[in-house]
Amino acid sequence: MASHIVGYPRMGPKRELKFALESFWDGKTTADDLQKVSADLRSSIWKQMSSAGIKYIPSNTFSYYDQVLDATAMLGAVPPRYGWNGGEIGFDVYFSMARGNATVGAMEMTKWFDTNYHFIVPELGPDVKFSYASHKAVTEYKEAKALGVDTVPVLVGPVSYLLSSKPAKGVEKSFCLLSLLPKVLAIYKEVISELKAAGASWIQFDEPTLVRDLDSQKLEAFTAAYTELESTLSGLNVVVETYFADVTADAFKTLVNLKGVTGFGFDLVRGTKTLELIKSGFPSGKYLFAGVVDGRNIWANDLSSSLTTLQELEGIVGKDKLVVSTSCSLMHTAVDLVNETKLDDEIKSWLAFAAQKIVEVDALAKALAGQKNEAFFSANAAAQSSRKSSPRVTNESVQKAAAALKGSDHRRATTVSTRLDAQQKKLNLPMLPTTTIGSFPQTIELRRVRREYKAKKVSEDDYVKAIKEEISKVVKLQEELDIDVLVHGEPERNDMVEYFGEQLSGFAFSANGWVQSYGSRCVKPPIIYGDVSRPKPMTVFWSSTAQSMTSRPMKGMLTGPVTILNWSFVRNDQPRSETCYQIALAIKDEVEDLEKAGITVIQIDEAALREGLPLRKSEEAHYLDWAVHSFRITNVGVQDTTQIHTHMCYSNFNDIIHSIIDMDADVITIENSRSDEKLLSVFREGVKYGAGIGPGVYDIHSPRIPSTDEIADRINKMLAVLESNVLWVNPDCGLKTRKYTEVKPALENMVSAAKLIRTQLASTK
């Protein structure tokens, strides 16, 4: 019985790639140094899978930044602004597209389906001259082969690539991206031919777009693409992978009838309805790659349950055609439980990270083949049972409080315009008030203090003194810059979710459970294993301390319940909505304590609201209903004079703008500049937004410093569609990852631009 892994984390068990990338970007190491670290990581991953007994081992799932950007490089689809003149694409052009450079901005970045991973959005149009410009897939296949490992090269499928793209600037928004399919397929043919010549016997095409709601034109593009590739694929085995959700009946029919394709991969964790489609008609003689091991979470697989599913599938497709697989790439989970020192043995027994999931896949494949490891299966059954019965998981008072929420929709008593009037009387802000999103740069020194305090190397008094000094520095800087609504800079926080999770019950934390978010940025999602409550205030001390340092309004900074949920590994033994309501009640307690402590502006970030949106239209309303309700629960109890802000970052919000309005926040700040001001088109189309709004005026993910004129130009574009009395001026996102040498001049220019426009507006009145 064969086993397969869809993809594997690339950062390394101790984030080796992250540190190698950042060292290279800072000019401290060479390209050779970066390539050496990367080659070592790839080699260890391939050998690890090989020694675990995996038959179909992926290659080309490693990336220096993003797999979609790798496909853009492979196709030579470099936007003209990066000055590429042909030839093999090197690090300079590749990283300029990803991160921008001193003269041009980066390409847009957005969420990959409903994950917390971000991809670089290809910019395409009728004039793109595609050419085979990155031979990475072939190079990595050969590299593995030289190590004695025969791999399955993985390519982003041609149709999913085009459907994940956007029309480039200057190209009609109505431009049909699928019209580029023939040009793109010409390059894919070259890549396939080279892989075949190098000795590849299998190729994997990732076509996750097949899980979306697709019209007949899009489904026909899959049929056309693989029909066109059929002769080139001749002599190769081909698996087309889908993941993250069910496929519809129409997509299933399209998929299993694709020409030149030998096997089909399905996510049977999030796509349980697909099982019925397989039972009702899977083509004979084709391979079924059954994704029964969850690639999106850290819970140990229920091996007994998975084995039952696999035995049922075996009866349909036959023993030699069933391949045990992961539900999706393991890049969305943590790397290796072996490196965990912080987790206690009970919780650890409930978990499986990527390295353990490889072992689970192999154990299931062997069990199907009649070589069941009884001891491994027994230990797994004992862990499943312990998790169900552990008293740590259940808190009756929390469950009662969450159940009691059902009778109300938790709206504040007055309209947003009434509240904004009351708040303005109290806050007395100028037109176009300036603020930042929350975090300020985290210096090496600051991280050292936090690390040493955690390791008990510095006393609590010394730690508090150091953090107070940092807050004082950030407050002074903002006052010097003449920013209107201040933040304390969050020097005490490691991560916007982890910081809260560490202070809530029902959460556990790993030491090395890092997951790639984008580029070199990794997050360490908390593990929600039980009912959630707030034992004591979490942020009141620091926010009050900061407010005592200034007469200007100081924002209390919280992470919202939906974002805490969507950026955590969530328990899978109750509906996600139940867990979200529990978190909302905990944040509500914190909001009310901040208000009592004299904090008049409170920001509740919902950066991840949209990424939890189901991939199926029919399921969106239910999710948005409980997600938006959870946000409203957090602040339903505050006075009209307390201004509630929320913040959202990198995602496409236009289709959920009415749900955002329904959140009923007083002010929303939202990413805008990197996505080329896509957000503003909603207001051009006539959506009325009565609350305060701050579309970001510059991209903080690029080291580039925007000029005053550039920011002023952005503000003017906003004023064309938004009233001056609701518009706020702020960056796209928090400043934690930037350096002070970038932050200070950028904010200086931002404030100058706001003042310039204020003067212009005053003179025209």
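In this predicted model, strand β11 (residues 287–293) runs parallel to β12 and is joined to it by five bridges. The chain passes from β11 through helix α11 (residues 303–317) to β12, and this β-α-β crossover is right-handed. The pair belongs to an open sheet of eight strands with parallel pairing. The protein chain contains 27 helices and 22 strands in total.

**Overall dimensions and packing**

- The radius of gyration of the protein chain is 26 Å, which agrees with the value near 27 Å that a compact globule of 765 residues would have.
- Along the principal axes, the C-alpha atoms occupy a box of roughly 75 × 60 × 50 Å.
- Of the 765 residues in the protein chain, 63% are buried.
- Among contacts with a separation of 6 or more, 80% are between residues 24 or more positions apart.

**The eight-stranded sheet**

- The strand order across the open sheet is β1-β12-β11-β10-β9-β8-β6-β2.
- Strands β1 and β2 (57–59) form the edges, each pairing on one side only.
- On one side of β12, strand β1 (residues 2–3) pairs with β12 in the parallel sense over two bridges, and Ala2 stands opposite Val323.
- Val323 of β12 is also the bridge partner of Phe289.
- Further along the sheet, strand β9 (residues 237–241) and strand β10 (residues 263–267) run parallel and are joined by three bridges.
- Within that pairing, Val239 has Gly263 in β10 as its bridge partner.

**Burial of strand β12**

- Strand β12 (residues 322–326) is mostly covered, with five of its five residues buried.
- In a regular strand, side chains alternate between the two faces of the sheet.
- In β12, Leu322, Val324 and Thr326 lie on one side, Val323 and Ser325 lie on the other, and both faces are covered.

**Nonpolar cores**

- Nonpolar side chains tend to be buried together in soluble globular proteins.
- The largest nonpolar core has 107 residues, of which Tyr161, Phe205, Tyr226 and Phe266 touch the most other members.
- A second, separate core comprises 102 residues, including Ile587, Tyr623, Val638 and Phe683.

- Strand β20 (residues 643–648) is largely enclosed by the rest of the structure, because six of its six residues are buried.
- Gln643, His645 and His647 point one way from β20, whereas Ile644, Thr646 and Met648 point the other way.
- Strand β19 (residues 601–605) runs parallel to β20 and is joined to it by three bridges; the bridge partner of Gln603 is His645.
- Strand β21 (residues 667–670) pairs with β20 in the parallel sense over four bridges, and Thr669 in β21 is the bridge partner of His647.

**Helix α1 and Lys18**

- The buried residues of helix α1 are Leu17, Lys18, Ala20, Leu21, Ser23 and Phe24.
- These buried residues pack against α2 (31–52), α4 (91–99) and β15 (521–523).
- Lys18 lies in helix α1 (residues 16–25) and has a relative accessible area of 13%, so Lys18 counts as buried under the 20% cut-off.
- The side chain of Lys18 makes a polar contact of 2.9 Å with the side chain of Glu22.
- An α-helix has 3.6 residues a turn, so residues three or four places apart point the same way.
- Apart from residues up to four places away in sequence, Lys18 touches Met11, Ser520 and Cys522.
- Gly27 follows α1 and has a positive phi, near 75°.

Technical notes: Residues numbered from 1 in each chain as written. Predicted model: local features only at pLDDT ≥ 70, side-chain atom pairs only at ≥ 80, totals over all residues. Heavy atoms only, no water. Core = buried A, V, L, I, M, F, W, Y, C linked by side-chain atoms within 4.5 Å. Buried < 20%, exposed > 50% of the residue type's maximum accessible area, 1.4 Å probe, protein only. Pairing = 2+ DSSP bridges. Right-handed = clockwise from strand over helix to strand, strands pointing away. Polar contact = N/O pair within 3.5 Å; in protein donor to acceptor, adjacent residues only side chain to side chain. Contact = heavy atoms within 4.5 Å. Rg over C-alpha atoms; globule rule 2.2 N^0.38 Å.
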